Amino acid sequence: MAPSVLSNYFSNGKVGSLQSMHNKGDVVSVILDIKQRAEDLADVQVNIAVLGDVGSGKSTFINAMRGLRSDDPGAAPSGNDEPSTVPTKYRYPSLPNVHLWDLPGLNSFGFELNRYLKQVQFESYDFYIIVSQSRFRESDGELSKKIQEQQKGFYYIRSKIDNDAYSMQMQGIGFNEGQMQIHRDCVKNFRSVGVKPPAIFLISGLDVEEYDLPKLKSTLASDLQSIKSNVFSVRVKKMMREIQVTSGYMRMLMLKVWLWSLISGALGALREPGLPLLTVIGCTVAGWIHVRRQVSISDQELRRLSNRVGRPLRLLQNAMQHRSSAIVKTLLGAFVVGCTIAGFTDRFSPVLLSGCGLMSSSVFTFRVLKGLVDYRLQSEQNLASSTVQRDSGDLL
């Protein structure tokens, strides 16, 4: 079972309060409470996944970030002792509520990337650090695309840079010149796979005060609030879905959908000339009008939300405009279903025709009205996301 997103940000009591407000149909108050939480994330835990092949220097990097050597108590095992199958969490002492996760090497399982990502619960992390040595690898590009798809951020590390520095020296290349070339190559490689280049750091786990490790630590500290805010905004729709799943308000709407569908089916089973067509049209349109009144978020509610959060009313209204031309589809569909039933009147027995009328009418009405409820669910999620959405800066 997937962990609750709401529980990462709200206490059990507050989750109950959000669900209670949604049960009453007060979605604006729910969104306002979520917006308020987005403005105070100081106590939220941040989980950073450290990824790379076995031997890339992931564990050595984590130890360097924590000020430990490989033989110190509590250090991440490295080299031949590196764990191969289980993500391991380490507290990052320099920043409160930040944990570094040492993920198994990309090449440790022996199967393809998507299966690996599922195995390590890739999407559950808030931020990512890709560690690679010597060169940009195909897996670096694939991982970065997966991260970008989630709308989350990451850093890219070229590890064991002391080896590269020595190689440059042997070739008569100045380190500053070589460092700039490595940066240019990394940027070029990310762009070649359609990914916005992240912050790039050249580090050595052995010379912790040299190269870019101090810069990485300071960058992470300054980016931390942006990381928290970005992840929160990405997860807003999931939060709304969790609230909706347990909502009595949504259960009430679905009960009305079923009721109208049963009425439509019962009328569609009657055997009178032209009646199936009329019942499909009349009952479905009547149900559509009735349910639509229940699912619509009024302009008054949107104005209230706009005034409270300082967002333009037009922006919030645009977030709601995902409805299809349901009336046209209803009439066309009803006409097709009704004509189909009528066309077979002389070919089948009355019992079979009644059964066909019952099923076709009820299923059609259910699908149309269920589409309205789905529209309400999606509209709430879009509205919450639009309200909380922020500029993600340079992390994406």
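Axes here are lines fitted to C-alpha atoms, for helices over the stretch in contact, and angles run from 0 to 180 degrees between N-to-C directions. The model is predicted. Two packed helices are described by the angle between their axes and the distance between the axes.

Start with helix α1, residues 12–23. Helix α1 packs on α2 at an angle of about 150°. The two axes are 7 Å apart. Angles over 145 degrees count as roughly antiparallel. Therefore α1 and α2 are roughly antiparallel to each other. The crossing of α1 past α2 is left-handed. On the α1 side, the contact is made by K14, L18, M21 and H22. On the α2 side, S29, V30 and D33 make the contact. Sorted by class, this contact has three nonpolar, two polar and two charged residues.

Now stay on α2, residues 27–38, and turn to its packing with α11, residues 299–309. The angle is about 15°, and the axes lie 10 Å apart. The cut-off for roughly parallel is under 35 degrees. That angle makes α2 roughly parallel to α11. Here α2 passes α11 in a right-handed crossing. From α2, the contact takes V28, S29, I31, L32 and K35. From α11, it takes E301, R304, L305, R308 and V309. These residues divide into five nonpolar, one polar and four charged. Note S29 of α2: it belongs to the contact with α1, and S29 also belongs to the contact with α11.

Follow α11 on to helix α12, residues 313–320. Their axes come within 9 Å and cross at roughly 130°. The crossing of α11 past α12 is right-handed. In this contact, α11 uses D299, L302, R303, L305 and S306. The partners from α12 are L313, L316, Q317 and M320. By class, the α11 contact with α12 has five nonpolar, two polar and two charged residues. L305 of α11 is in this contact, and L305 is also in the contact with α2.

Helix α3 gives the most, with six residues. What is the class make-up of the lining of the second largest pocket? It has seven nonpolar, 13 polar and seven charged residues.

How values were computed. Residues numbered from 1 in each chain as written. Predicted model: local features only at pLDDT ≥ 70, side-chain atom pairs only at ≥ 80, totals over all residues. Heavy atoms only, no water. Helix = DSSP H or I, 4+ residues; strand = E, 2+ residues; numbered from the N terminus. Nonpolar A, V, L, I, M, F, W, Y, C, P; charged D, E, K, R; others polar. Parallel < 35°, antiparallel > 145°, perpendicular 65-115°, else oblique. Left-handed = near helix turned anticlockwise from the far one by under 90°. Contact = heavy atoms within 4.5 Å.
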